[in-house]
Amino acid sequence: QVQLVESGGGLVQAGGSLRLSCVASGRTFSDQVMGWFRQAPGKEREFVAAIRWGSGSTYYGDSVKGRFTISRDNAKRTIYLQMNSLQPEDTAVYYCAAGPQRFTRIQAMSVQERYDYWGQGTQVTVSS
């Protein structure tokens, strides 16, 4: 069992930055992939980024490449999402998710159904 708690959301002006955090409790595995997704009102949940605990390998959704950076602190069991150059279209609830406790191809982890545990979400609002 893994519990995930996100924090760091808030209101920011266009062009600004925010850093989200996700603390994982329970056992984590070196091969396990962690992900960030987001869901805007009236839209489907969208993949943002993923990272593997052990190697730190990363994978990004096309809409955030070059603006967002995912990272992890293994000692703190925390993953981060640094979001720069935020735009109003980035407004959404951001969710942290934990993948299976085994090796999976990180490129395959853009699909929300492949994640086993989810946090409660944190709201990010970008004003124009």
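**Notebook: a disulfide, a ring cluster and a sheet**

I looked up Cys22 first, and at 1% relative accessibility it counts as buried. Buried stands for under 20% relative accessible area, exposed for over 50%, and partly exposed for what lies in between, with a 1.4 Å probe and protein chains only.

Before going on I noted what I am working with. The model is predicted, so local features need pLDDT of at least 70 and side-chain atom pairs count only at pLDDT 80 or more, while totals for chains, interfaces and linings use all residues. Residues are numbered from 1 along each chain as its sequence is written, and side-chain values use heavy atoms, with hydrogens and water left out.

**Entry 1: the disulfide**

I searched the whole structure for disulfides (a pair of cysteine sulfur atoms within 2.5 Å) and found one. It joins Cys22 to Cys96, with 2.0 Å from S to S. I then asked where the two cysteines lie: Cys22 is in strand 3 (residues 18-25) and Cys96 in strand 9 (residues 92-98), so the bond ties together parts that are 74 residues apart in sequence. The torsion about the S-S bond is about -75°, so I wrote the disulfide down as left-handed. Cys96 has a relative accessible area of 0% and is buried.

**Entry 2: the aromatic rings**

Next I counted aromatic pairs. Rings of Phe, Tyr and Trp (its six-membered ring) pair if their centres lie within 6.5 Å; planes under 30 degrees apart are called stacked, over 60 edge-to-face, and the rest tilted. The structure holds six such pairs. I looked at one of them, Tyr95 and Trp118: the ring centres are 6.5 Å apart and the planes stand at 80°, so this pair is edge-to-face. Tyr95 is in strand 9 and Trp118 in strand 10 (residues 117-118), so the pair links distant parts of the chain, 23 residues apart. Tyr95 is buried at 15% relative accessibility, whereas Trp118 is partly exposed at 29%. Both belong to one aromatic cluster, which is formed by Phe37, Phe47, Tyr59, Tyr95, Tyr115 and Trp118.

I also checked which charge sits over these rings. The test is that NZ of Lys or CZ of Arg is within 6 Å of the ring centre and within 35 degrees of the ring normal. Arg45 lies over the face of Tyr95, 4.0 Å from the ring centre. The charged end of Arg45 also sits over the ring of Trp118, 4.7 Å from its centre.

**Entry 3: strands and a sheet**

I read off zero helices and 11 strands. Helices (H or I, at least four residues) and strands (E, at least two) are DSSP runs, numbered from the N terminus.

**Entry 4: the whole chain**

Of the 128 residues in the chain, 45% are buried. I noted that the C-alpha trace spans about 40 × 25 × 25 Å along its principal axes.
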